[in-house]
Amino acid sequence: GDDTSVFVTIVPKPHLGLYTQNATKTIGLAYTVATADLDAAPTVAVYKNTLSESTGAVTLSSAITQAVSYSGADAVGLAAGVGAAGAHIATATFTNTAGSSTIPNLTALEYLTVEWTINAAATSVLRVTGLLVNYS
């Protein structure tokens with residue numbers, strides 16, 4: 001049977017001052033799968049959030065366009081295994097990192113969040129092992 005997990009990660013910004021100069025280029029989720037293969041490869045939705053300085057309210061953008069690729073144990077991000085045999089990275093690569101509307105450079109009150117959806121088999125054991133972020 002299907003067991004779907006959805007979780008959100010906040011993407012760290014580059015060092016102070018650089019977040020207005022360096023746009024996010026890729027975001028990768030490192031994870032391991034044990035016991036049973038996933039039913040489907042993880043999917044990714046990335047959002048730009050804008051925090052109101054006066055009210056604390058957050059405005060969420062529509063999803064930012066990106067392509068997802070998989071590396072590690074297999075090219076589709078599903079296989080279970082022990083150690084490296086079950087290790088994967090799902091990488092979201094943005095179509096434009098030059099400050100266009102696709103993935104804008106961020107202001108002091110803006111940040112990115114990533115919504116990861118993972119469809120596991122009933123007996124899959126999933127462990128998230130890291131977040132890898134590259135900047136332009």
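**Exercise 1.** Work out how many helices and how many strands the protein has, and give their pattern along the sequence.

*Solution.* Start with the count: the protein has zero helices and eight strands. Keep in mind that this is a predicted model. Next, walk along the sequence, and you'll read off β-β-β-β-β-β-β-β.

**Exercise 2.** Find the order of the strands in the open sheet of four, then say which strands stand at its edges and why one side of each is left without a neighbour.

*Solution.* First, the order: the open sheet runs β5-β6-β2-β8, and its pairing is antiparallel. Now look at the ends. β5 (66-72) and β8 (125-135) each have a single partner strand, so one side of each has no neighbour in the sheet.

**Exercise 3.** Zoom in on β5: how many bridges join β5 to β6, and which residue of β6 does G72 face?

*Solution.* Take the pair as a whole to begin with: β5 and β6 (residues 87-94) run antiparallel and are joined by seven bridges.

**Exercise 4.** Describe the protein's burial, surface and contacts in numbers.

*Solution.* Burial goes first: of the 136 residues, 36% are buried, taking under 20% relative accessible area as the cut-off. Then the surface: the accessible area is about 7000 Å², and carbon and sulfur atoms account for 56% of that. Last, the contacts: consider those between residues at least 6 apart in sequence, and 78% of them join residues at least 24 apart.

Technical notes:
Residues numbered from 1 in each chain as written. Predicted model: local features only at pLDDT ≥ 70, side-chain atom pairs only at ≥ 80, totals over all residues. Heavy atoms only, no water. Helix = DSSP H or I, 4+ residues; strand = E, 2+ residues; numbered from the N terminus. Buried < 20%, exposed > 50% of the residue type's maximum accessible area, 1.4 Å probe, protein only. Contact = heavy atoms within 4.5 Å. Areas by Shrake-Rupley, 256 points an atom, 1.4 Å probe, with all protein chains shown as cover. Pairing = 2+ DSSP bridges.
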